[in-house]
Amino acid sequence: MKLSGAEMVVKSLEAEGVDTTFGIPGGTVIPLFDSFYDSSIRQILTRHEQAAAHAADGYSRASGRVGVCVATSGPGATNLVTGIATASRDSIPIVAVTGQVSTQVIGTDYFQEADILGITLPIVKHSMQVRRASGVAEAIKSAFIIAQTGRPGPVLVDVPLDVQREKDEWSYPQNVTFRGYNPDPVEDLTDLDKAVCLLREAARPVIVTGGGVIAAEASAELLTLAEKLQIPVITSLMGKGSFPDSNPLCLGLVGMHGHAAANHAVIEADVILAVGTRFSDRSTGKVDTYAPRARVIHIDRDPAEIDKTIGTTVWLLGDAARVLKVLGDVVDAKSAALRKPWLERIAKWREDEPTPRIAEDGMIKPWQVLDALNDVSRENVQITTEVGQHQMWAALYLNVDRPRRFMTSGGLGTMGFGFPAAMGAAMARPDLQTVCIAGDGSFLMNAQELDTCARFNIPVKVFILNNSCLGMVRQWQELFYDQRYSNTLYPRDPDFVKLSESLGVNAFRVEKPEAVRGAIDRALETPGPVVVDFKIPQCEKVFPMVPPGAGIEEMILPKRSSL
C-alpha cells in the first residue's frame with residue numbers, strides 16, 4: 001500500500017496505540033496535520049508548543065505510556081525544547097515529532113529552518129531525521145522502543161516537508177534493532193549476598209526511593225520488602241507516591257525541604273538501601289556530610305548512576321521490581337526485631353517535629369488548602385504541581401498513596417510545567433480528578449492553556465496558592481540576601497478570576513480560611529476546568545530548609561508559632 005510520508009507517520013502512531021497527541025500546526029507540518037484529519041487520534045491543539053511538550057510529559061507520567069507532541073519547524077520545534085529537557089531530566093518517555101524544511105534546502109538558512117537535532121542533542125535520549133518516506137515507519141517504531149526501554153527518556157523524530165509529501169510502500173515493522181543499543185535490561189546481582197548481609201545486620205536502616213521505583217512499577221515489591229524488614233522509607237521529590245504516605249513506615253520527603261525526621265534518619269542511618277534514585281543535590285545537601293554513618297546499597301537500572309554522586313558499599317544493577325522481589329525473597333524477616341529501638345527513636349523525631357498547624361492571622365495558610373484536599377478520597381485524585389514554594393508544600397503535606405498520582409518537575413524545576421502537564425494527565429486518566437497545585441508566578445507562564453482546557457473541556461482544577469510574588473526566590477532573598485527583594489515582588493496582582501473567565505474557564509477567589517474546604521468541594525464538583533485563587537500571606541516560607549551549600553544536618557526548622 002502506497003502512502004505519503006505524512007500518512008505513514010499517522011499510521012505508525014496508530015500502530016503504537018497512540019490515542020492523543022498535543023501540538024500546533026505550521027507550514028512544514030501541514031501535510032502531517034492533513035493526515036491527522038482522518039485519524040481516530042485525538043489532536044489537542046495547545047496555545048504554545050512548550051505546553052504541548054509538557055502535556056505529552058504529563059500524559060506519560062499519569063499513564064505509564066509514551067506521550068506524543070507535534071510541532072512545526074524552526075520556532076515551533078525550538079518551543080518544545082524546555083519540555084523535552086524537563087522530560088529528559090526526569091526520565092520520562094515522550095516522542096516529539098517535528099516538521100523540517102525540505103531536504104534540498106536544509107543548511108541554507110531557509111525560512112523557519114532550525115537544526116533541531118543539534119539543538120536538542122544534549123537533552124534527548126535519541127534523535128533522528130527521516131530523509132526518505134521509506135524510512136518513516138522504522139523511525140517511529142525505533143522512537144517508541146528507545147523512549148520506553150532501558151532508562152526512559154525523550155526521542156525526537158524530524159520529518160522534512162518533502163518527505164511528508166513523498167509516497168512509497170508502507171508496512172509497519174514488528175521490531176527493529178539498533179547498532180550499539182540493547183534495550184534488554186542489564187542485570188548484575190553479583191553482590192546480592194552482601195546486600196542481604198548488610199540488611200540483616202542493620203540496626204538503623206532506611207530505604208530511599210526515587211522516580212525509578214515508579215518507572216519500574218516496583219511499588220508493590222518495595223512495600224513488601226519494607227514491611228517484611230520493618231525499614232522506614234523516605235522519598236526523593238520524584239519518588240513521592242512510590243510508597244504510601246499513609247503507611248506508618250513512611251517518613252516522606254528528604255533533603256533541602258525534607259521532613260526533619262527523614263533528614264535525621266539519613267544522618268543517623270547505618271545502612272541506606274537506595275532504589276531508583278540518583279542522589280540529586282536537592283536530596284543529599286552537601287555530599288561530603290551525607291549519611292556519614294551509613295553503608296549504601298544502591299539498586300538502579302542505569303549503571304551510570306552507580307557511584308556517580310554517593311559512593312556505594314554494594315550495588316545491584318537491574319529492574320527495580322525484579323531486584324526488590326529477589327531481595328525480598330531471600331532476606332530473613334527475623335531481623336525486623338532489631339529495628340524496634342530505631343523505629344521508636346524515629347517516632348519521637350516525628351512527634352517533636354515543629355510543624356504545628358496554627359492559623360494565627362486570619363489568612364489562608366498553605367497547609368489549610370492541602371489538608372482540605374487530603375480530605376478528598378485518595379483513590380480518585382491525581383496531582384501535578386508547578387515549581388516553587390507551593391511545590392514543596394505539596395510534597396510535604398499532601399498524602400499520596402499510589403504511584404503516578406503526584407507529578408512534578410524534579411530535575412529541571414520547570415516553572416510552567418504543572419498546568420499543561422495536568423492537561424496531559426487528565427487526557428490519560430479521565431477516570432481520575434486532576435488537580436494542579438500552582439503558584440501565581442508559575443501559573444502565568446502557561447496560563448494561555450486555559451483556552452485549551454475550555455475548548456476541549458479538559459477538567460483540570462487549578463488551585464493557585466497566590467502570594468503575589470516569586471515566593472521561593474523571595475524566601476532566599478529574605479533569609480540569605482538581607483531582605484533585598486530584587487524583582488520578586490509584584491506591584492500589582494493579575495485578576496486570575498477575570499483572566500480565567502475571559503478564556504472560558506470557571507473561576508473564583510478565596511480569602512478566608514473558613515471558606516477553603518467549601519471552595520475545594522465546589523471546584524471538584526463543577527464540571528470541566530476550574531481555577532481557584534487562594535490568597536495566602538506573602539511572608540509564608542517553606543520549612544524545613546537546608547541553606548545553600550550546607551548539609552542536611554544543618555536544616556533550618558520552623559518556629560513553633562507558624563508553619
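Two strands pair if DSSP finds at least two bridges between them. Hold on to that rule; strand pairing runs through this talk.

A word on the model first. This is a predicted model, where local features need pLDDT of at least 70 and side-chain atom pairs count only at pLDDT 80 or more, while totals for chains, interfaces and linings use all residues. Residues are numbered from 1 along each chain as its sequence is written, and side-chain values use heavy atoms, with hydrogens and water left out.

Now the overall picture. The protein chain has 23 helices and 20 strands. Both are DSSP runs, numbered from the N terminus: helices are H or I with at least four residues, strands are E with at least two. The C-alpha trace spans about 70 × 60 × 40 Å along its principal axes. What would a compact globule of 563 residues have as its radius of gyration? Near 24 Å, and the protein chain has 24 Å, so the two agree. That radius is taken over C-alpha atoms, and the globule rule is 2.2 Å times the number of residues to the power 0.38.

Next, burial. Buried residues make up 60% of the 563. Buried means under 20% relative accessible area, with a 1.4 Å probe and protein chains only. The protein chain exposes about 22,000 Å², and carbon and sulfur atoms supply 50% of it. Those areas come from the Shrake-Rupley method with a 1.4 Å probe. As for contacts, meaning heavy atoms within 4.5 Å, take those between residues at least 6 apart in sequence. Of these, 76% join residues at least 24 apart.

Look at strand 2, residues 20-23. Thr20 and Phe22 point one way, Thr21 and Gly23 the other, and all are buried. In a regular strand the side chains alternate between the two faces of the sheet. Strand 2 runs parallel to strand 3 (residues 42-45), joined by 4 bridges. Gly23 has Leu45 as its bridge partner in strand 3. The chain gets from strand 2 to strand 3 through helix 2 (residues 30-36), and this β-α-β crossover is right-handed. In a right-handed crossover, with the strands pointing away from the viewer, the path from the first strand over the helix to the second runs clockwise.

On strand 4 (residues 67-71), Gly23 stands opposite Val70. Strands 2 and 4 are parallel, with 2 bridges. Val70 also has a bridge partner in strand 5, Val97. Strand 4 and strand 5 (residues 94-100) run parallel, joined by 5 bridges.

Strand 10 (residues 233-235) and strand 11 run parallel over 3 bridges. Thr235 stands opposite Leu253 there.

Last stop: strand 15, residues 381-385. Is it enclosed or open? 5 of its 5 residues are buried, so strand 15 is largely enclosed by the rest of the structure. Val381, Ile383 and Thr385 point one way, Gln382 and Thr384 the other. Thr384 is the one to click on. Its bridge partner is Cys436 in strand 17 and Met407 in strand 16. Strand 15 runs parallel to strand 17 (residues 433-439) over 5 bridges, and to strand 16 (residues 406-407) over 2. Strand 15, helix 17 (residues 389-397) and strand 16 form a right-handed β-α-β unit.

Helix 16 (residues 366-374) packs alongside. 8 of its 9 residues are buried, so helix 16 too is largely enclosed by the rest of the structure. Trp367 and Leu370 are among them. Those buried residues pack against several elements, including strand 15, helix 17 and strand 17.

Technical notes: Buried means under 20% relative accessible area, exposed over 50%, partly exposed in between (1.4 Å probe, protein chains only).
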